[in-house]
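Let's take a walk through this model together, from its core out to its ligand. Have the sequence and the structure open side by side as you read.

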Amino acid sequence: MAALAKIQKDGLSLEVAFYTSDELPWDLRAWVFELVKSNMEAVYAEDWDDKEKREEIMDDKARFLVATDESGMPQAFVHFRFEIEQDVELCYVYDIQVNAPVQRRGVGKHLMLLVELIAKKNAMKGIMLTSFKNNDVSNSFYLQKLKYVIDPISPSYSNPMSADQYEYEIISKLWDKESQQRLQAQADDARSAWLEYDLEQKVIEKLAAEDKGKLGKTDALIAEGLLPQKDLSKKLR
Ligand SMILES: CC(C)(COP(=O)(O)OP(=O)(O)OC[C@H]1O[C@@H](n2cnc3c(N)ncnc32)[C@H](O)[C@@H]1OP(=O)(O)O)[C@@H](O)C(=O)NCCC(=O)NCCS
């Protein structure tokens, strides 16, 4: 496989090759799995599943960049796919993993810049990924080092009342302004709907706890969702 790019920094000399899922040789496929497992099993905790990760790596849509050193040893890879998320064409990064001895020497950043170039060349509107909230390394890498942002479609924004139930954030870098606005608008709609739903649930619980026999007509209509909630503010105090 011809090298797509070279990474030369901090005493490292790596060649980066691109592979589709079909093209990735079996020995590299096995190495990809072992590296993710050794770097990430503790982060995934009880969510780690060998079979699921193997299937993810085998998926037809999977694309890989693999960085190999001068002795032919693979040292880092990125697994990404071109996907459509809420009508926006995005490059989704499933994994980026760097072998422990070569971490923090600029390889990860270089690989992400290459992914960005590939994504732009393929008319993608941006890059998106999920990152576990408990993965300080990954969050620092994306949010501080690469200046990615927590996307508005992430549950912490779009579903704030239930944000604690999600163990991940959706992180992105969108270079297409229109797509950015579209995702923001969709997230705002979802956020309003969740907030409204949450208020409704509180009201229903409150009314259920009260003596229903004493409910006036207005309360009953509100409980049925037939009157606007602004009238309920008095009941919530
Ligand atoms: C996260 C990772 C891909 C970054 O690649 P890298 O080649 O180490 O990163 P770079 O050298 O380009 O950038 C380093 C930045 O990553 C973050 N980082 C990397 N290792 C870190 C560590 N052990 N502790 C804290 N931050 C770390 C920091 O933001 C760091 O910036 P700094 O060195 O200026 O503080 C790599 O460290 C890795 O594979 N880590 C383990 C697995 C993982 O968490 N993968 C990402 C989730 S899919």
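Which residues have the most contacts inside the largest nonpolar core? They are Leu 65, Ala 67, Val 78, Cys 91, Val 93, Leu 111 and Val 115, and the core they belong to has 42 residues. A nonpolar core here is a set of buried Ala, Val, Leu, Ile, Met, Phe, Trp, Tyr and Cys residues joined through C-beta atoms within 7 Å. The biggest contribution to this core comes from β5, with eight residues.

Before going on, a word on the ground rules. This is a predicted model, in which local features need pLDDT of at least 70 and side-chain atom pairs count only at pLDDT 80 or more, while totals for chains, interfaces and linings use all residues. Residues are numbered from 1 along each chain as its sequence is written.

Now for the overall picture. The chain has eight helices and eight strands; these are DSSP runs numbered from the N terminus, with helices being H or I of at least four residues and strands E of at least two. Of the 237 residues in the chain, 27% are buried. Buried means that 20 or more other C-beta atoms lie within 10 Å of a residue's own, exposed means 12 or fewer, and partly exposed is in between, with C-beta atoms placed from the backbone.

Leaving aside neighbours within four places in sequence, Leu 65 is in contact (C-beta atoms, placed from the backbone, within 7 Å) with Val 16, Phe 18, Phe 77, Val 78, Leu 111, Leu 114 and Val 115.

Follow Val 16 and Leu 114 to Ala 5, which is in contact with both of them. Ala 5 sits in strand β1, residues 5–9, and is partly exposed because 16 other C-beta atoms lie within 10 Å. From Ala 5 to Leu 111 is 106 residues in sequence, yet 9.6 Å in space, C-alpha to C-alpha.

β1 pairs with strand β2 (residues 12–20) in the antiparallel sense over five bridges; pairing requires at least two DSSP bridges between strands. Lys 6 stands opposite Glu 15 in β2. In this hairpin, with two residues between the strands, Asp 10 takes a positive phi near 50 degrees.

Finally, visit the ligand. Among the 19 residues around it, Gln 103, Gly 108, Lys 109, Ser 140 and Phe 141 come nearest, where a residue is near if its C-beta atom, placed from the backbone, lies within 6 Å. α4 gives the most to this shell, with six residues.

Terms used:
Two residues are in contact if their C-beta atoms, placed from the backbone, lie within 7 Å.
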